[in-house]
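Here are my notes on the fold, for you to check against the coordinates. I begin with the sheet and end with the core.

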Amino acid sequence: MRVLYLAGSGRSGSTLVTNVLGQYDGVLAAGELRYLWQRGEVDNRPCGCGQPFRDCPLWREVRREVPVERAGAIAARLRGRLRMREVPELLRRVRAGRRPVDPHPDDAVLTDLYAAVARHAGARVVVDSSKLPPYGALLGALPGIDLRVLHVVRDPRATAFSWRRRRGLDGAADQRLMSRPPVWKAALLWSVWNAVTARIWAGDGGRYLRVRYEDLTADPAGTMARIAAFAGIEPGAGPFTDPATVRLAPTHSVAGNPSRHRTGLVPIRVDDQWRQGLSRWSYAVVTALTVPGLRRFGYPVRRGAQSTDVGSRSAPVGASTGDEEG
Ligand SMILES: [Zn+2]
């Protein structure tokens, strides 16, 4: 089965991309599947369709085929295997052409999960927006999974600003997970996860596509067509009602941020409130900590300068789709 894995760091537009992809025939926008065991099964948070996870018609079917009674333990072991301190070893293994993550008895459960998801959803492509590169590497090593990696990158000054504005994952009641990392931490995470994503997969042309949020918002229909072609998705009618507007039906995405519940006509346009809202100090801190990545992905170092690729057009500031995305 084919899994389209959205990799990179948070607040880069991956929820929007996932929801749009979920509107195409034969595609399931499954959301952040690495959180299925804890936030889905144990915490019973809402599915993208609005039902509590355990009551959702799709996940009810899938749950029959995986050991949900062990969900808490599976979630804990998965967190243990995906720790940041394991990343140098993971990269050494990738460089040596070895399996990136050690095999584990839970791998059979994960394989069964993705197979059950694809079967019950009738999907040829399952979109997993878990983002964390080590989890993607773990998935890519599972038998029967044909992994394609979509690396979504956004200007780190925008993502740092977005983290500061972050809302609860599933409404105001959710205080525990409302972390608002300081800008230096957001910048370091941006650098690490984008560099690791590129290091693991960028050399594998047929299985890796990098898209910038800024290019998506500059040309939504064209960029989504590129992504669909890369993932082997039939473009069909697609969800676009004009080149920059999509009609979104509910998805069955598990975990993620509140914007995955958005439905109806949704304009896709750049959210650049950070250009006014981010302080000079924060801009300087984030820029200083991300210079190699800025250069690599074509973002300007100086404030107000143009990025070196498409996607730098100015656009209306205001309520917009992009900035709540995970
Ligand atoms: Zn659902």
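**Notes on the sheet and core**

1. Strands S1 (residues 2-7) and S4 (residues 146-153) run parallel and are joined by six bridges. Ala7 sits opposite His151 of S4. Keep in mind that this is a predicted model.

2. Helix H1 (residues 14-21) packs on the sheet. It touches S1, S2, S3 and S4, and its direction makes about 170 degrees with that of S3. Helix H11 (residues 220-231) also packs on the sheet, with S1, S3, S4 and S5 as the strands touched. The direction of H11 makes about 165 degrees with that of S5.

3. The sheet is open and has five strands, in the order S2-S3-S1-S4-S5. Pairing is parallel. On average, neighbouring strands are turned by 25 degrees against each other, direction ignored.

4. S2 pairs with S3 (residues 125-131) in the parallel sense, over four bridges. Leu28 has Val126 as its bridge partner in S3.

5. The largest nonpolar core holds 82 residues. Tyr5, Val117, Val126, Val127 and Val254 touch the most other members. Helix H9 (residues 183-201) gives the most to this core, with eight residues.

6. Look at Tyr5 in particular. Beyond its neighbours within four places in sequence, Tyr5 contacts Asp128, Gly136, Leu139, Leu147, Arg148, Val149 and Leu150.

Terms used. Residues numbered from 1 in each chain as written. Predicted model: local features only at pLDDT ≥ 70, side-chain atom pairs only at ≥ 80, totals over all residues. Core = buried A, V, L, I, M, F, W, Y, C linked by C-beta atoms within 7 Å. Buried ≥ 20, exposed ≤ 12 C-beta atoms within 10 Å, placed from the backbone. Helix = DSSP H or I, 4+ residues; strand = E, 2+ residues; numbered from the N terminus. Contact = placed C-beta atoms within 7 Å. Pairing = 2+ DSSP bridges. Axes fitted to C-alpha atoms, helices over the stretch in contact; angles between N-to-C directions.
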